[in-house]
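Thank you all for coming.

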Amino acid sequence: MESRCENSVLGHGDLRSRGSKHNMTEQDALLDEFESNGKAAKDTQASMPVKSTSNFTLILLIVMVALTWGIAATAYFGIVDYKAVMVRSSTISSSEVTSCLSILNPLQYQGFFHPFRLLASMLIYIDDFLTGLFKTQDKLYYIDKRRPIARVSPYTRYLSWKEMGPVETRSSKAVPDSDPENPPQAKENEKPGLNKEKAKEPISHDSVKEPDKKKVEPIEKETEKKTQENKKEKVKKKPNPFTSKEDKPILNELKSGDKLLKKGKAKEAELHFRKLIKSNPSSPRARFGLAEALNALSQQLKSNSVLQECIKAYGEVVQIPGCPQALKKQSLLTKSDRETFLGQLSSSLKTLAVLAREMPNDVEVLNKLGVGYLMINKNSKAKQIYETVLQIDPDNGFALTHLGFIVKNEGDWVKGADLLGRGVGSLAEGTQSGKFYFHLGDALHRTNRTKEAEEVYARGAEKGLFRSKYQRSLYNVDRLQSRPFWTPKEAGASEYVRKLEQNWKMIRDEALKVMDVEKGLFLEEEEGLKNTGNWRQFTLFAKGEKTAECNRVPKTCALIDKMPNAKGCRRGQIKYSVMMPGTHVWPHTGPTNCRLRMHLGLVIPKTGDGARLRCADEYRTWEEGKVLIFDDSYEHEVWQNAESFRLILIVDVWHPDITDHEKRTLSAI
Ligand code: LMR
Ligand code: MN
């Protein structure tokens, strides 16, 4: 189960130790300074008459300086740590980046002891400079946990970090060049399956190893001997797919470079391969070795610039004439992965497109290219790619789930259910994730295959992809207590409920005024949750930020302004919701367990069959002037079969178990 916030705190110590390292250097420098000052003082003392007060002044000075540095360093570590946590957990919105930057500006940092502010700000800026963090809003932040601050596309929302790695910081306007615009199609004359096998070949660093001939043992029986000899012959004859004839003369040097890398000696490996390149500029593997060394080094140093160099080096490997295909593939796949890591989604996509042009039947490459398109919201391109993969390999689980996801979100539930079902059923790598079980169940439910849907949800829960068969949110903090319906007291929201209920008529009248004057202000629900009817919303706050609509309902917004856990709930919204008779909302689940949802009844019809809400197994209805609280991470469903409209105010509040730190650092949804 994904738990971003908790992950974000893990690995915290890494940055602290990085901080300490910088501090050590600074302290060392300071110590040197002290020593030389002390020496100077002693020298002066030797040539001057000794005064009893000078010792005291010196001690006082030392104590003061030590104290200053002590306090400043403590504050500095605090902020650096805080900064790390912010970076690690901020994966969603650019507004978050802005608030993050402003909080972290030490001159605005409220808890900071004033006289040391300037000193600490200097230290932090030095650290910023050294680490490359927080230079500009657009810059990607390279942190050991690989969590750059990022804005995500609706698709990537569904992707966990483990699977996809980081995403772009900027809005993905940059349209990739001609290559990605023209995704490769399967060449009909090429045999399907040929590259499928290739794609399954291990391409880890180990595979660069030369075949181990010693391992072929002689055997007794004549016939078997012959077969073995044949095999041996084959092993001998089969060339290492990563090695070209230019590499052969320096195989031993290449191997010793690889060994250095295996031992984690990235810097030494880098120098080793650089030397090799000088004497053997046309060896693809020497350059590949350099790229690998730079990749390892960038991770050791947490350095963006080294990573950039590494990306360049992978690009250079494939430029070398005679570079073997296998090496090209590994170089470009790693290059694209590193570019994605740095948030350079367009470049990454371009890299994959270049590779796919060269290997148009390689399903591994094509599957990655498809994800690249999905990450920049080019779903129709991704669709083409996955269709191509399925022409080559009709049972490819990865392509089946991804195509199923696209098709289902286009509204073709029957086809979506079929593809997702086959994909998930394949158990192939990349198919066992909550998002696919989530959409498979939904597609099954919407096509009246309710029993199968329930089975999928139960299986998802068994696998730990969902918290339970009913609670299927995908952005969760694991430790939070949960139940479908909550009392105001349990929700820690008694005060808010009292205020809302006291002012319900004012809230209703403001809503009715907006509804009457300009009906167009209420927008159609956008997430495709509605089965039949008419359901519109008017949003006042979203992701913890006030919308411009507040100007139209100022008193309601002023009231909400006094509710920090509601207006600041970055994983929720505050909105009016109007539902017309004849509306049915599909059973659905909110994205996160970090919020609770309050419904304040404003206009509740009593005629006809009425309106009601199901959450998990319980049914409730609304009352005018009364608040109902439920956890929308549980499956819920709504029917409006009254004779007139139903109007409520939806107010999301932070779950009572969410800590202040989490409120600040969880990514917005
Ligand atoms: C929901 O929160 O999904 C619905 O209950 C909203 C509504 O207007 O009933
Ligand atoms: Mn809902």
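**A walk through the model**

Ala616 counts as buried, at 5% relative accessibility, where buried means under 20% relative accessible area, exposed means over 50%, and partly exposed is what lies in between, with a 1.4 Å probe and protein chains only. Before I go on, please keep in mind that this is a predicted model, in which local features need pLDDT of at least 70 and side-chain atom pairs count only at pLDDT 80 or more, while totals for chains, interfaces and linings use all residues. Residues are numbered from 1 along each chain as its sequence is written, chains are lettered from A and ligands numbered from 1 in the order in which they are written, and side-chain values use heavy atoms, with hydrogens and water left out.

Let me return to Ala616, which lies in the loop between strand 9 (611-615) and strand 10 (618-620); helices (H or I, at least four residues) and strands (E, at least two) are DSSP runs, numbered from the N terminus. Although Ala616 is not a glycine, it has a positive phi of about 55°. Leu427, which is also not a glycine, has a positive phi near 60°, and it is found in the loop between helix 20 (413-426) and helix 21 (434-446). Is Leu427 buried or exposed? Leu427 is exposed, with a relative accessible area of 56%.

Helix 21 is also the place of Gly441, which is buried, with a relative accessible area of 0%. Between the C-alpha atoms of Gly441 and Glu455 there are 8.2 Å in space, and the two are 14 residues apart in sequence.

An open sheet is formed by 5 strands in the order 3-7-12-9-10, with antiparallel pairing, and two strands are said to pair if DSSP finds at least two bridges between them. Strand 3 (530-532) and strand 10 stand at the edges, each with a single partner strand, so one side of each is left without a neighbour in the sheet. On average, and with direction ignored, neighbouring strands of this sheet are turned by 20° against each other; for such angles, axes are lines fitted to C-alpha atoms, for helices over the stretch in contact, and angles run from 0 to 180 degrees between N-to-C directions.

Within this sheet, strand 7 (residues 583-588) pairs with strand 12 in the antiparallel sense over 4 bridges, and Val585 has Val638 in strand 12 as its bridge partner. Strand 12 also holds Gln640, which counts as buried at 0% relative accessibility. Gln640 and Met580 are 60 residues apart in sequence, yet their C-alpha atoms are 6.8 Å apart in space.

The bridge partner of Leu523 in strand 4 is Gln537. With strand 6, strand 4 pairs in the antiparallel sense over 7 bridges, and there Phe538 stands opposite Tyr576 in strand 6. Strand 4 also pairs with strand 5 (residues 545-546), antiparallel and over 2 bridges, with Lys546 in strand 5 as the bridge partner of Phe541. The hairpin of strand 4 and strand 5 has 2 residues between the strands, and in it Lys543 takes a positive phi near 50°.

Last, the ligand. Which residues are the closest to ligand 1? Of the 13 residues that surround ligand 1, the closest are Ser577, His588, Arg597, His636 and Arg646, and a residue is near a molecule or strand if one of its heavy atoms lies within 4 Å of it. Polar side-chain atoms lie 3.0 Å from an oxygen atom of ligand 1 in His588, 2.9 Å in Arg597 and 2.7 Å in Arg646. Taken alone, ligand 1 exposes 270 Å², and the protein buries 98% of that, the accessible areas coming from the Shrake-Rupley method with a 1.4 Å probe; for residues, only the protein chains shown count as cover.

Strand 6 (573-579), strand 8 (595-603), strand 12 (636-640) and strand 13 (646-654) are the elements that give two or more residues to the shell around ligand 1, and the largest share, 3 residues, comes from strand 13.

Key
A polar contact is a pair of N or O atoms within 3.5 Å; within protein, one must be able to donate a hydrogen and the other to accept it, and residues adjacent in sequence count only if both atoms are side-chain atoms.
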